[in-house]
Amino acid sequence: MDGTIAANEALKEADWKVGVDIGGTFIDFCALEVNSGRVASLKVLTTPEDPGAELMTGLALLAEREGFDPVRMTRFVHGTTVGINTIIQRRGAPLALFTNAGFEDVIELARLRMPDMYSLFCSRPDPLISRDMVFGIPARMRADGSETRAPDMAAVESAVTAAKLNGAQGIIISFLHAWRNAAQEAAVKAAITRLAPDLFVFTSAEVWPVIREYERSSTAILNGYVHPRVSGYLTALEERLKSRGVPARPMLTKSNGGLMNAAEGKRACVNMLLSGTASGVIGASWLARQAGEDKVLTLDIGGTSADFALIIGGKAQFGTGELIGEFPLHIPSVSVSSIGIGGGSIAGVDAQGVLRVGPESAGSTPGPACYGRGGERATVTDAMVVCGWLGHSEMAYGQLRIDPRLAYRTVGDLAARLGRPVEQTAQAILDIAVSEMFVEVEKLASRAGVDLREFTLMPFGGGGPMLGAFLARELGMKRVMAPRRPGVVSALGGLVADLRGDFIRTVFSPLSDASLPAIREAFDALAGEGRHWLAAQGHNAAAELNLFCDMRYVGQSYEIEVVLSPQWLADGDMAAIAQAFHLTHQQLYDFHDPDGDIELVNIRLSAIGAGPKLSFPQTDAVDAPANPARRLAVYTGLGVETVDLHDRQTLVPGSTFHGPAVVVQEDTTFAIPAGAQARVDRHLNLLLTFPE
């Protein structure tokens with residue numbers, strides 16, 4: 001009886017923290033019960049026709065299988081692809097753009113660059129707002145923020161009427177020099193709200209007040225384009241969680257790797273467009289720090305894409321200009337490179353008889369043929385099944401069962417067209433997938449100026465461990481680290497992420513003692529904004545304020561990001577700021593001009609509120625050879641070999657074995673090539689090393 005009472009008391013005191021990430025094929029759950037240290041994870045197939053329904057299914061399964069109680073959930077963090085999918089599929093809200101008369105072509109002119117300068121058939125994407133929905137308003141602001149002509153409110157009224165007649169649901173306002181003075185945008189917004197309260201309105205200055213009208217306009221347009229779908233989705237999410245009795249305030253992962261509350265997400269939709277890919281890198285960064293890995297290349301393979309990122313010094317790298325579908329996003333984001341190669345990427349033979357893989361994907365519906373859900377075209381996953389690496393256990397926590405006959409049939413159709421044996425065709429599909437990723441990773445390494453031989457590859461996602469070791473071998477990397485639960489690293493990222501808000505002021509001034517008061521004033525204003533934002537998120541503890549400046553030599557067209565110390569501003573140490581710029585320029589371009597005049601374009605600040613300090617159980621390692629569950633036949637490219645199959649559940653810290661081998665677990669399958677030495681560390685990471 002006493003034991004029953006104690007168990008009931010433990011349930012009452014349970015403290016569940018849950019991270020959720022929705023991908024193209026699966027929704028992933030990572031749940032931690034803090035008091036016991038117990039970790040529960042789960043994958044559920046997505047429901048594209050009803051986004052969010054799979055969340056309720058997953059919570060019900062966690063309750064059934066793990067004893068999870070939604071009422072005891074004190075933290076809920078959610079990443080979603082609703083925003084980015086809306087853009088990729090071009091299913092966003094019809095918008096109108098109000099800009100200065102004479103500048104109506106701003107989004108069509110863009111930067112006058114072609115997406116692929118080496119292609120004769122390259123074309124620029126159609127803008128999200130058609131030309132007939134762009135309205136020029138007579139108004140003008142000087143670059144110094146002084147007004148030369150007030151907005152013509154009669155023209156505003158006429159434009160609102162025309163926009164509504166053409167079916168606009170929302171209006172974006174982007175005027176020249178609004179980064180310096182947003183008064184004209186604010187006045188026009190107030191007029192539109194009065195004239196048409198049924199339309200939503202965003203101004204460029206409130207979304208991201210950065211210099212350069214195209215970047216500012218395009219970022220505001222992306223925010224408005226996804227606003228109705230994202231806002232509706234988040235409202236439904238809050239209602240569903242409330243119906244389950246969840247007390248936790250829902251938080252969202254952001255493109256910058258941080259978090260914000262759902263109420264802000266409904267307005268600042270643009271901040272969560274890359275939430276899934278960013279949270280995966282944040283989760284990987286946390287795992288890397290736990291394992292003492294200083295330099296890591298992450299490989300996140302889902303059903304549709306492969307995403308790559310660099311972790312240096314245990315920290316994710318950040319940048320601006322990440323692509324959202326075909327459009328650049330000019331807000332700070334975790335730097336991620338993507339390619340259309342995933343487990344569901346479809347293989348086919350083109351008109352010239354050449355085998356191609358991706359970027360078209362089978363997604364979750366119908367999915368790869370071997371899932372038995374109606375897929376009739378060969379995919380990367382089907383090729384893994386034909387070669388024998390995959391299909392030896394249930395997948396996705398019992399959600400899927402592999403049918404090898406279906407995989408053989410679809411890959412066999414391609415083999416017949418190519419006149420090659422089916423196993424060789426499957427291997428060719430895998431080789432093409434790896435080579436496509438190889439090219440993308442090499443470009444990433446070149447841009448960052450790093451030697452990948454000094455890095456450890458961390459594969460995650462459902463497909464990362466399937467292909468990761470083969471990619472590492474081709475790249476000449478010596479180490480691979482697969483986390484204990486690779487399939488839910490993105491969901492883990494939400495659990496361990498901090499609150500993070502980014503703020504910007506364009507100052508556009510020479511770096512000199514005379515400009516110091518203006519720079520200090522801008523920093524103080526940003527610091528105040530950052531602290532206020534953290535308080536609005538419910539964070540009242542200490543805040544970390546990180547300072548960055550976008551700087552350049554006078555005469556250069558574009559600036560570089562330089563990390564600064566706030567103390568330099570407080571001390572008036574302009575020499576330290578200049579030296580930091582010179583050093584950064586030298587690192588990026590192998591050149592600097594110590595006598596060159598410097599311009600400071602933007603001051604940016606990141607306000608960070610630390611998340612909960614979580615830890616997972618660790619076990620001391622006892623070196624011992626692992627005992628395989630059984631042996632199986634795998635086509636390795638050189639022929640059919642008999643390899644060991646290991647169950648990840650039975651591998652303990654210190655377990656060792658060598659490749660070729662297959663490791664099966666609840667959320668993925670790890671394919672290990674010949675020559676690799678495997679060992680499990682005290683964090684239950686599976687480490688591979690390749691000989692010199």
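These legends go with close-up views of one predicted protein model.

Residues are numbered from 1 along each chain as its sequence is written, and side-chain values use heavy atoms, with hydrogens and water left out. In this predicted model, local features need pLDDT of at least 70 and side-chain atom pairs count only at pLDDT 80 or more, while totals for chains, interfaces and linings use all residues.

Figure 1. pLDDT is the predictor's confidence in each residue, from 0 to 100. The protein averages 89 on that scale, and 97% of the residues score at least 70. Contact here means heavy atoms within 4.5 Å. Where pLDDT is low, the predicted coordinates should not be read in detail.

**Figure 2. The second largest pocket and its lining.** Rolling a probe the size of a water molecule over the atoms shows where empty space is left. On a 1 Å grid over the protein atoms alone, a pocket is an open set of points where a 1.4 Å probe fits, with protein on both sides within 12 Å along at least five of seven lines; lining residues have an atom within 4 Å of a point. This one has a volume of about 660 Å³, taken as the space filled by probe spheres set on the grid points, which are joined across faces, edges and corners. Its lining has 27 residues, and E206, V207, E264, A268 and N271 lie nearest the centre. Helices α7 (204-207), α9 (262-267) and α16 (516-536) and strand β25 (499-510) each supply at least two lining residues. Helices (H or I, at least four residues) and strands (E, at least two) are DSSP runs, numbered from the N terminus. By type, the lining splits into 14 nonpolar, 6 polar and 7 charged residues. Ala, Val, Leu, Ile, Met, Phe, Trp, Tyr, Cys and Pro count as nonpolar, Asp, Glu, Lys and Arg as charged, and the others, Gly among them, as polar.

**Figure 3. V507 and F508 in strand β25.** V507 is buried because its relative accessible area is 12%, while F508 counts as partly exposed at 37%. The cut-offs are under 20% for buried, over 50% for exposed and partly exposed in between, with a 1.4 Å probe and protein chains only. Leaving aside neighbours within four places in sequence, V507 is in contact with R180, A522, L600, V601 and I603. V507 and E599 are 92 residues apart along the chain, with their C-alpha atoms separated by 9.6 Å. F508 has a phi near 50°, a positive value in a residue other than glycine.

**Figure 4. E666 and its side-chain partners.** E666 sits in the loop between β33 (661-664) and β34 (669-672). Its side chain makes polar contacts with the side chains of R484 (3.4 Å) and Q649 (3.0 Å). A polar contact is a pair of N or O atoms within 3.5 Å; within protein, one must be able to donate a hydrogen and the other to accept it, and residues adjacent in sequence count only if both atoms are side-chain atoms. Not counting residues up to four places away in sequence, E666 touches M395, A396, Y397, R484 and Q649.

Figure 5. P660 lies in the loop between β32 (655-658) and β33.

**Figure 6. Loop residues R212, H177 and R682.** R212, in the loop between α7 and α8 (213-243), is buried because its relative accessible area is 18%. Beyond four places in sequence, R212 touches R111, R552, S557, Y558 and E559. H177 lies in the loop between β9 (170-173) and α6 (183-195) and has a phi near 60°, positive in a residue other than glycine. At 22% relative accessibility, H177 counts as partly exposed. R682, between β35 (677-680) and β36 (686-689), is partly exposed at 41%. R682 and Q618 are 64 residues apart in sequence and 5.6 Å apart in space, C-alpha to C-alpha. Not counting residues up to four places away in sequence, R682 touches Q618, T619 and P653.
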